[in-house]
Amino acid sequence: MHIPDNFLSTPVWAALDAVSIPAVGLMVRRASRELEDTRIPLLGVMGAFVFAAQMINFPVGPGTSGHLVGGALLACTLGPAPAVLVMTTIIAIQAFVFQDGGVLALGANVFNMAVAGVVAGYWPFQVWGATRRRAAIFMGGFLSVMVSGSLALAELLISGVAMPRVLVFTSLGLFAVNALIEGAITISVVQALEKLNPGFVQKPESSNGRVLAVLGSSGVLLGVAGFLLASTAPDGIQRLGRNLGLTSKAAFATPLADYSVGYFQSGWLRKATAGLAGLLLIYGLCAAGARMIARRRSA
Amino acid sequence: MTPLIEVRDLRFQYEDGTQALDGINFTLHAGETVALFGANGSGKTTFVLQLNGILQGQGSVTVCGLPVTKDNLATVRSKIGMVFQDSDEQLFMPTVLEDVAFGPLNQGLTSQQAIEKAIAALKQARMEHAANKAPYHLSAGEKRKVALAGVLAMDPEILVLDEPTTFLDPPAQRNLVHLLSELPQAKLIVTHNTRFAGALAQRAVFFERGKLVADGTVQEIVQRFDWTYSALAPEDLRYLAQRRL
Amino acid sequence: MHHVLVDQWSQGSSPLHARDPRAKLLVLVTFLVALATTAGNAFPTLAVDAALLAAGALIAGLPLGRLLLRAMAILPFSVTFGIISWLAGEHLRAIALVEKSYLSTVAVLLLVGTTPLPRLLSGLEALGTPRLLVLLAQFLYRYLFVISEQAQHLRLAAACREGSSGAHRHGKFRAAAGALAVLFARSYYRAEGIHQAMLARAFTGRFSPLNPLRFGPADGFFTAVIGAMLILARIQ
């Protein structure tokens, strides 16, 4: 789900830009130290492959079909960090060249799909890849789409986009269906790939796997949190956003308009503090996560 | 005078154990054009990839007197201009000019010098009008000529062309023959197209299961191995004509 | 394919095409931020923004009608959410969603319609985007069409077999997975071929840039004037 511009409130997109830029930056720095420029063609061409893969339809029901999203497949063929970079590039090209997803919302989309989606998609493979391979790969495909979708929905709700309960549930249900399809596509493509050349699919990296497991589970946790927040209390999440001063209504568009008494006397101060605190928190998490991935890969 | 290319007892095995090259001896002299014939999988492409060290096997390969070793790779790759079978793989930069300038930049030229080199090479390949186009928008013949310009820009002494007529229609093939015949470099041409080879090369060698089994004039080799351009020998044609009756 | 059209637009020559990509990117971000923080009913501001876009398209010589038509691709999404917001009683937000997301889309189209992607990427790199990502994007865009064409062929081949075999859904699903695996493998080997071709031309492990960008006085003037207009319109 590519969020266009002007759907997210300013604090939300700004915070996610602020999170994604250094997170991706860290991945890049580490990646460019270890992969030389020789791997760039491979990553670029695989990005083009993911684009092109959308043309191949998978029949799933009467009159409906799905297609590959790709985060989990890339993670278990190229490795998680290169997969994050490839997905980031895809999302950026979609935003600029195809106007699919916003430019200011690039950080949000990259965070949802390239960072959280890929990491969550790799996590089951990392943990169970050696023992319950099939289930792990299916689960990876499922989680990558589910986590991205839940995060996007949670971000929209936090931004104050009004959505009736029914619609939230419908969206979550649709995400779940898409996620199941992605899981099924990922595992069938992986199996077909292994028949062509077993070398295509990486071995789940066991060395120092703990770090990635932590990162992956935090990605999944974040998605689950988004899912739960969105499904149990869509009104609550909106209220949360409003209280934190994150909804677009309360933010810059009509500042102080529906300002109610908070814990700070000044609405601006409250908003700034809350925004900054949230931003720092997420930033810290991502920076730490990215550093861990980087360290793990260099080990 | 030292030969341009001197290959002695070259062997190469792929990781899966296939013996792709099995004791090759080969010499290329200045000004020569040699055609490489042989069935698919007989080792022709593997052989030419050894010449600039992209693949490395046992035995000795020297190019312009330099052994093809790690230290000499940069020099050797400047001496051998290789035009690959799939132009889309060779033209990887966003525009034609950038692609042709890629080699000169790797040779350490400044941007300005590289652009001058690139434009000169594009003129030589009669493609200067396409300098700012994206490779994707070119025809197969144009792509091949740009790929050729990309290696000419590096001032090579030897041109290696791997199946240069693939994907080209007859006019584009003729065009390429004229272009290549004007170039002074020694050439190695891997091809199935015996007429194309005959138009450019005097000498030919024949590969069979990783071995270089024959070396002679193009005509000799074509006759000896019944290696005809149309794939159908006269007796095949007679047989088919009878069946149609 | 529709992006080929925008690619053609970007090859034009106009004062807007000639601007340094960094100038256009800075102006675009200013535009988007100003728009994002504008209230949905601040119609004078929105009118100035829209007028600037229209002026840009005219100066660039882009077909305004087709540009506006293409930007409508955003509408199904934004109108849906607009209706939802409207029904929830948030009329202002509903209007804002539709009009602002549309204007944002037009603005991005105007940028890519006047800037060939390689130049846009150089601009992004000059503004601090890591080189690895820029190169990745460059390769991705270069092979996007090539590999899409292969995907097209695979799809066609699958469709040709479909009629006769009458495969059930499960079989078709597996066939599609097989096609994707083949596409994956071809892409993978193509990348190997590209790498060999790079080595053959003495690639040393570092890409050297060819066209340094030049941010001239005209670019500074453009950035300052349009940026100031956007900010002034925003704060009124």
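In this predicted model, the side chains of Asp20(C) and Arg22(C) come together in a salt bridge, with N and O 2.9 Å apart. Asp20(C) is buried, at a relative accessible area of 1%. Arg22(C) has a relative accessible area of 17%, and it also counts as buried because the cut-off is under 20%. Over all chains, the count of salt bridges comes to 18.

Some of these contacts reach from one chain to another. Asp88(B) and Arg142(C) meet through their side chains in a salt bridge of 3.0 Å, N to O. Asp88(B) sits in helix H3 (residues 87–90) of chain B and Arg142(C) in helix H9 (residues 131–165) of chain C, so this pair joins two chains. Both Asp88(B) and Arg142(C) are buried. A salt bridge also links Arg201(C) with Asp99(B), whose closest N and O atoms are 2.8 Å apart. Here Arg201(C) belongs to the loop between helix H10 (169–200) and helix H11 (217–235) of chain C, while Asp99(B) lies in helix H4 (residues 96–106) of chain B, so this pair too joins two chains. Arg201(C) is buried at 1% relative accessible area, and Asp99(B) is buried with a relative accessibility of 1%. In chain B, a network of salt bridges links Asp9(B), Arg11(B), Asp22(B) and Lys211(B).

Turning to the surface, a nonpolar patch is formed by Phe43(C), Val79(C), Ile83(C), Trp86(C), Leu87(C) and Ile95(C), which together have about 590 Å² of accessible area. Helix H6 (residues 75–87) of chain C supplies the largest share of the patch, 4 residues. Trp86(C) is found in helix H6 and is partly exposed, with a relative accessible area of 42%.

How values were computed. Residues are numbered from 1 along each chain as its sequence is written. Chains are lettered from A and ligands numbered from 1 in the order in which they are written. This is a predicted model: local features need pLDDT of at least 70, side-chain atom pairs count only at pLDDT 80 or more; totals for chains, interfaces and linings use all residues. Side-chain values use heavy atoms; hydrogens and water are left out. Patches are made of residues with over 30% relative accessible area and no salt bridge: like charges are joined within 9 Å, nonpolar side chains (Val, Leu, Ile, Met, Phe, Trp, Tyr) within 5 Å. Accessible areas come from the Shrake-Rupley method with a 1.4 Å probe; for residues, only the protein chains shown count as cover. A salt bridge is a side-chain nitrogen of Lys or Arg within 4 Å of a carboxyl oxygen of Asp or Glu. Buried means under 20% relative accessible area, exposed over 50%, partly exposed in between (1.4 Å probe, protein chains only).
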